[in-house]
Amino acid sequence: MTHRIADTFYDALAKLTPQEQKAVKQSAFDFQMDPSLPGFQMHRVDRAKDPNFWTARVTRDIRMVIHKTDGDTLLAWVGHHDDAYRWAETRRIEAHPKTGAIQIVEARETVEDVVVHRFVEEAVLLPRLFESETDETLLSWGVPEDWIGTVREATDETVLDIAGYLPSEAADAILAAATGERPTPSIAFATGQDPWSHPDALRRFRVVEDVEELRAALDAPWEKWTVFLHPAQREYVDRDFNGPARVIGSAGTGKTVVALHRAVRLAADPSAHVLLTTFNRRLADLLRQKLPLVALPSAMERITVESLGSVIHRLHAERFGGVDVVDEMTLRRFLEEAAAGASLTVDPEFLFDEWSLIIDAWNVRDAETYRDLPRLGRKQRMAASRREALWAVFDATRSRLEVEGLTTEASSAHDLRGHGHFPWTHVVVDEAQDISVPELLLLADALGASPNGLFFAGDIGQRIFRAPFPWAAAGIDIRGRSRSLKVNYRTSHQIRRRSDTLLPETLVEADGSEESRLGVTSVFDGPAPAIRIFDDPHREHDDLGQWIDDLRRRGVEADEIAVLVRSTVQVRQFEDLKAQVMLMHDAKGAEFRAVAVAGLNHDVLPDNARLLAALDEAQLDEVMATERHLLYVAATRARDFLWLSGTEPVSEFLADLAALETVPSDGSGQ
Ligand SMILES: Nc1ncnc2c1ncn2[C@@H]1O[C@H](COP(=O)(O)OP(=O)(O)OP(=O)(O)O)[C@@H](O)[C@H]1O
């Protein structure tokens, strides 16, 4: 006898009151132990299209909908009595005729009102998106047979509605197709293969082995990712790689979720020691909070969650004793004094960048290496004589640091390379787009060649802290072991579409490889983002206050609303609002039901001081890219509601977004 739980049960449970949830959980456990208990008063749902639907009593008013086949049970839905019967009466659970995956299919006539009604109004005007697709193609996307006609009638205006009624693989496919992507057909199972084990079935049904597992699954019904993964996520969690691998994808596509599950799956091996890490402490703390949702205590014992900086600092202290790390001001002074000593006139910013991004980052120790080194991540060319003169400055700075008993963070990482035992067998790095050169060099040295040794999750469109550099130069080759996720679980269609316009459709990595951002879909709908431009900052503040008050009246709690700004001065400007007010940089890794990115003014984003400090076109491009990424990161923290505003003269990024508002729909559908 196999017990399963469906994602629809989960979603329905999350909508009940805490009291009702408690009762349902107890009943679900009891049911798993003994489904024949008389208290359940099992009733077959008489008017159901599918004869296998039953209801089980939880309380006077609450019923679980159970699907029973050959002794196997599936917890399919839960809710108030009449709703539960209606749900069961209008669903069928069956294997898809083409793909072979088990699906929950909603009876089409129940939704005709919603969808067809709209068809009538728009039918004459709008082109049908899938008119020319054959039945065979639509079936290969997982569209249920009796939905083919409706899908073929879909227009730009109705495609979202229709997708909402379809099994997720079919919804993903039609939404991707509506944006011009060619969906990959679902795997077709041969007759005789278990339809429940199809990858598309595994994303919505999960076998529950014992009550402990059921308890873990039901304890956090809002965190659906703890139980149900998209097949692409599952693949990257489970697969074995013979070298470093990477999952990429735009904001909200579940990369962190993959990183967490992957760490747990690696820790299943009793001889494993897994480091789950990222580039700063705040993000490592967030990972530490999420890990217990997916890891049993036995796996937790084999997983260390710590930021890379902290790991390096700790290992260095253990191995070499304590050394003081030089602060930035002192380092800048040493560099300038060394330049003066060598009678070299050089821009201090350039000197500092050259030290940080080349000399210290790549551990350049002699003039020859410096002379021959490719300009990794630096766009300016430099004559050999100039490099020779500069080398004297860097060499003197190194000696000075040594004399004063100081080191740098980068040097600490370099010291650890090739020195002694690396304490972990596997490292999983989240937010890998912001990893530094020395950190990557260390990881490459320790585990770059070992199977399943290194796994990275990241998005180059969200790189906001560090300059880009080619990973291959650090000894990491992920060619053929990198793939992207395309389903956005966090952000509504409307918010994702708007935010996506902030970045180019194709991003180019430092090694020249390209990443297409097209074809991403969201799993739910919501209101369009509010894009507002004001003449007066007080007006901006007050209107934003009203937007927040409105949300509060609609039941959004203050801690689910974030106001994100670019500078600390602006934090003060908005801090009286009933929301969490924070810097855009600090929102990385977080998500909120509602986000307002405010104070998007001309001198604020891109940050004026950074623009002024740029020494040439290349640096200017880099500043523009990271500032753009920052706005993208900020906007994509929003789940349901997004507000973007500034006061004239506004940020060029905001002006661009506002200009799009007045342009008629681009016809992309998504
Ligand atoms: N398979 C899934 N089912 C349901 N929800 C999911 C799934 N995967 C991810 N999510 C949800 O999507 C949201 C985004 O996930 P996650 O933070 O892992 O994305 P990300 O790609 O790391 O985002 P970012 O790049 O913005 O940091 C989270 O709320 C998470 O709970």
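**Ligand shell**

I began with the ligand: 22 residues lie around it, and Trp225, Ala251, Gly254, Thr256 and Tyr489 come nearest. I note here that the model is a predicted one.

Sorted by class, the shell has 10 polar residues, six nonpolar and six charged. I also checked the domains: domain 3 (229-316 + 422-485) and domain 5 (521-662) each supply at least three residues to the shell.

**Helices α11 and α12**

Helix α11 covers residues 231-238, and the two helices pack at about 35° with their axes 8 Å apart. I recorded the crossing of α11 and α12 as right-handed.

From α11, the residues Gln233, Tyr236, Val237 and Asp238 take part, and they meet Val257, Val258, His261, Arg262 and Arg265 of α12. By class, I have four nonpolar, two polar and three charged residues in this contact.

**Domains**

I listed the division of the protein next: domain 1 is 3-96 + 194-224, domain 2 is 102-178, domain 3 is 229-316 + 422-485, domain 4 is 328-403 and domain 5 is 521-662.

How far apart are the centres of domain 1 and domain 3? Taken over C-alpha atoms, the separation is 35 Å. Six residues of domain 1 and five residues of domain 3 make the contact. On the domain 1 side I found three nonpolar and three charged residues, and no polar ones.

**The five-stranded sheet**

I followed the strands in the order β21-β25-β24-β22-β23; they form an open sheet of five with parallel pairing. Its edges are β21 (530-534) and β23 (580-583), each of which pairs on one side only. Neighbouring strands are turned by 20° against each other on average, direction ignored.

Phe534 stands opposite Thr647 of β25.

Two helices went into the notes on this sheet. Helix α23 (residues 537-553) lies across β21, β22 (561-565), β24 (592-597) and β25, and runs at about 165° to β25. Helix α26 (residues 617-635) also packs on the sheet, where it touches β22, β24 and β25, and its direction makes about 145° with that of β24.

Notes. Residues numbered from 1 in each chain as written. Predicted model: local features only at pLDDT ≥ 70, side-chain atom pairs only at ≥ 80, totals over all residues. Near = placed C-beta within 6 Å. Nonpolar A, V, L, I, M, F, W, Y, C, P; charged D, E, K, R; others polar. Domains from an automatic or database assignment. Pairing = 2+ DSSP bridges. Helix = DSSP H or I, 4+ residues; strand = E, 2+ residues; numbered from the N terminus. Axes fitted to C-alpha atoms, helices over the stretch in contact; angles between N-to-C directions. Contact = placed C-beta atoms within 7 Å. Left-handed = near helix turned anticlockwise from the far one by under 90°.
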